[in-house]
Amino acid sequence: MSVWMRPPKRKREQPSLSREQIVSAAIELLDAEGIDALSMRKLGARLDVAAASMYTHVAGKDELSELVVDEVYGEVALPEPGPWRTAATTFAHDLRSVFLRHPWIGSLLGEAGVAYLGPNVLKLSEAALALFEDAGFSLDDADLAWNTVMAFVVGRATGEAAWLTTLKRSGQSEQEWKDRLWPAAEQAVRDHPRLKKLYAAQRNQKPGETNDDDFERGLACVLDGLATRLP
């Protein structure tokens, strides 16, 4: 069962432990060691408590995943009233930054159940719907616009986060990885003229430059498309 679908347990709480502490420690553990490190046993060791004592607040790893995802979404600034494209662009960049700050989040989304019922996600969704509806979108189209922007940002940022995780595990900088990989990449695309031309154009770009530019251009395409839904 989702953590958002059941009433809180009524057992006497541990005086030195709270749900907020558990969630905060879980995020610290994930930031330090990655998705594979998350377990109730390891989290208990980090908090210096028996794993069983945490079940007063969190029924298990599935509920913990929902709580952690919602907490991370709480780091994203709510879209502010104003020109919708400006606000949507600011939101998209902020969400991307949060995902890159917590590169494990994409892997956890699939385990987060009905995370969309979390209080932070609900506040974010309500503010976004208000932004698009105030801009002239119908409520249905506002929902479409919100979910389209989310899908673009989450998809892009998850891919970038996976790349950052790979780099971290390799112990190499992005430039070092690029220098080692490029000869093999150029050899692999030698019979594919469009890819060969594309790779050649990207050869001397600085690390991260392609990601930033592609994100900007892709987001502009998404917002251009959404603008056609306005009456």
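Trainee: What makes phenylalanine 152 count as buried?

Mentor: Its relative accessibility is 17%, and buried means under 20%, so phenylalanine 152 counts as buried. Keep in mind that this is a predicted model.

Trainee: And why is phenylalanine 215 called buried?

Mentor: The relative accessible area of phenylalanine 215 is 0%. That is under the 20% cut-off, so phenylalanine 215 is buried.

Trainee: Why is the aromatic pair of phenylalanine 152 and phenylalanine 215 called tilted?

Mentor: A ring pair is described by the distance of the centres and the angle of the planes. Here the centres are 5.5 Å apart, with 35° between the planes. Pairing needs centres within 6.5 Å, and planes count as stacked under 30 degrees and as edge-to-face over 60. With 35°, the pair of phenylalanine 152 and phenylalanine 215 is tilted.

Trainee: What makes you say that this pair ties parts together?

Mentor: Phenylalanine 152 belongs to helix α8 and phenylalanine 215 to helix α11, so the pair joins parts 63 residues apart in sequence.

Trainee: How many aromatic pairs are there by this rule?

Mentor: The count comes to 8. One of them is formed by tryptophan 84 and phenylalanine 137, whose centres are 5.4 Å apart with planes at 85°, so this pair is edge-to-face; the cut-off for that label is over 60 degrees. Tryptophan 84 lies in helix α5 and phenylalanine 137 in the loop between α7 and α8, so parts 53 residues apart in sequence are tied together.

Trainee: Are tryptophan 84 and phenylalanine 137 buried or exposed?

Mentor: Tryptophan 84 has a relative accessible area of 11%, so it is buried. Phenylalanine 137 is at 3%, so it counts as buried too.

Trainee: Which residues do ring pairs link into a cluster?

Mentor: Trp84, Phe132 and Phe137. Leaving aside neighbours within four places in sequence, phenylalanine 132 contacts Trp84, Ala88, Phe137, Ala142, Ala145, Trp146 and Val149.

Trainee: Which members of the largest nonpolar core touch the most other members?

Mentor: Of its 55 residues, they are Leu64, Val68, Tyr73, Leu95, Trp104 and Phe132. Helix α8 gives the most to this core, with 9 residues.

Trainee: How do you know whether tyrosine 116 is buried or exposed?

Mentor: Its relative accessibility is 53%, and exposed means over 50%, so tyrosine 116 counts as exposed. Tyrosine 116 sits in the loop between α6 and α7. Together with Leu117 and Leu122, Tyr116 makes a nonpolar surface patch of about 300 Å².

How values were computed:
Residues numbered from 1 in each chain as written. Predicted model: local features only at pLDDT ≥ 70, side-chain atom pairs only at ≥ 80, totals over all residues. Heavy atoms only, no water. Patch = residues over 30% accessible without salt bridge, like charges linked within 9 Å, V, L, I, M, F, W, Y side chains within 5 Å. Areas by Shrake-Rupley, 256 points an atom, 1.4 Å probe, with all protein chains shown as cover. Salt bridge = Lys/Arg side-chain N within 4 Å of Asp/Glu carboxyl O. Helix = DSSP H or I, 4+ residues; strand = E, 2+ residues; numbered from the N terminus. Buried < 20%, exposed > 50% of the residue type's maximum accessible area, 1.4 Å probe, protein only. Core = buried A, V, L, I, M, F, W, Y, C linked by side-chain atoms within 4.5 Å. Contact = heavy atoms within 4.5 Å. Phe/Tyr/Trp six-rings, centres within 6.5 Å; stacked < 30°, edge-to-face > 60°.
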